[in-house]
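Biologist: Please show me the structure, and let us then examine it together by question and answer.

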Amino acid sequence: MAEAFIALGGNLGDVRSTFDKAIAMLCNSEAVRLSARSSDYRTPPWGIADQPPFINAAIAVVTTLEPHALLARAQACERAFGRDRSRERHWGPRTLDLDLLAYDDRVINDAVLTLPHPHLFERAFVLVPLAEIAPDRMIGGKKVRDALARVDASGIEKLLPA
């Protein structure tokens, strides 16, 4: 079994309900089991400012799937909730975004997958929820809580349970 971390985001529709359903779909077998889930956070849009705020969260899973298979499963979940990467604006509005952040201590850099996620340490909207569930986890030689201390997390608001 491997441990993987996945970031969730979205800003269209009932995002929090979508998260619950997507996590259930992703973690619906012995191949992928949920081990931790962060709170939901309202975050300012990133990349393109003229869009609704996002909701972000992070999960930890244990899995028997290899990294590429886990990514394919996450992208199938995105499609099931209406995401069509070929038709959306880069960094634009979306119903669901599932990003594979880390998979054990694996380093992968190919045409399909880069691990750890190449922008993980730049994005407070990823680090805040990740630090809630794995503050002491080392990813890419950095402790999650230390990486969070180096980014601006202003404007991020922890939401009450739904």
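Biologist: In this predicted model, between which two elements does the loop that holds Pro 116 lie?

Modeller: Pro 116 is joined to Leu 115 by a cis peptide bond, with omega at about -10 degrees. The loop that contains Pro 116 runs between strand E7 (114-115) and H3.

Biologist: Is helix H3 largely enclosed or largely open, and how many of its residues are buried?

Modeller: A residue counts as buried when its relative accessible area is under 20%. The buried residues of H3 include Ala 124, Phe 125 and Val 126, and also Leu 130 and Ala 131. Helix H3 (residues 124-133) is therefore largely enclosed by the rest of the structure, the number of its buried residues being eight of ten.

Biologist: Which helix is among the elements that cover the buried residues of H3?

Modeller: The cover includes several strands, among them E1, strand E3 (41-43) and strand E4 (54-63). Strand E5 (97-103) and strand E8 (138-139) also take part. The helix included in this cover is H4 (144-149).

Biologist: Is Ala 2 buried or exposed?

Modeller: Ala 2 is found in strand E1 (residues 2-10). Beyond its neighbours within four places in sequence, Ala 2 is in contact with Val 61, Val 62, Thr 63, Tyr 103 and Asp 104. Its relative accessible area is 7%, and therefore Ala 2 is buried.

Biologist: What distance separates the C-alpha atoms of Ala 2 and Thr 63?

Modeller: Thr 63 is one of the contacts of Ala 2. Along the chain the two residues are 61 residues apart, yet their C-alpha atoms are separated by 5.3 Å.

Biologist: Which accessibility class does Asp 104 belong to?

Modeller: Asp 104 is placed in the loop between E5 and strand E6 (108-109). Its phi is near 45 degrees, a positive value in a residue other than glycine. Because its relative accessibility is 32%, Asp 104 counts as partly exposed.

Biologist: Which residue places its charged end over the ring of Phe 121?

Modeller: The structure holds zero aromatic pairs. The ring of Phe 121 does have a charge over it, 4.6 Å from the ring centre, and this charged end belongs to Lys 142.

Key: Residues numbered from 1 in each chain as written. Predicted model: local features only at pLDDT ≥ 70, side-chain atom pairs only at ≥ 80, totals over all residues. Heavy atoms only, no water. Helix = DSSP H or I, 4+ residues; strand = E, 2+ residues; numbered from the N terminus. Buried < 20%, exposed > 50% of the residue type's maximum accessible area, 1.4 Å probe, protein only. Contact = heavy atoms within 4.5 Å. Phe/Tyr/Trp six-rings, centres within 6.5 Å; stacked < 30°, edge-to-face > 60°. Lys NZ or Arg CZ within 6 Å of the ring centre and 35° of its normal.
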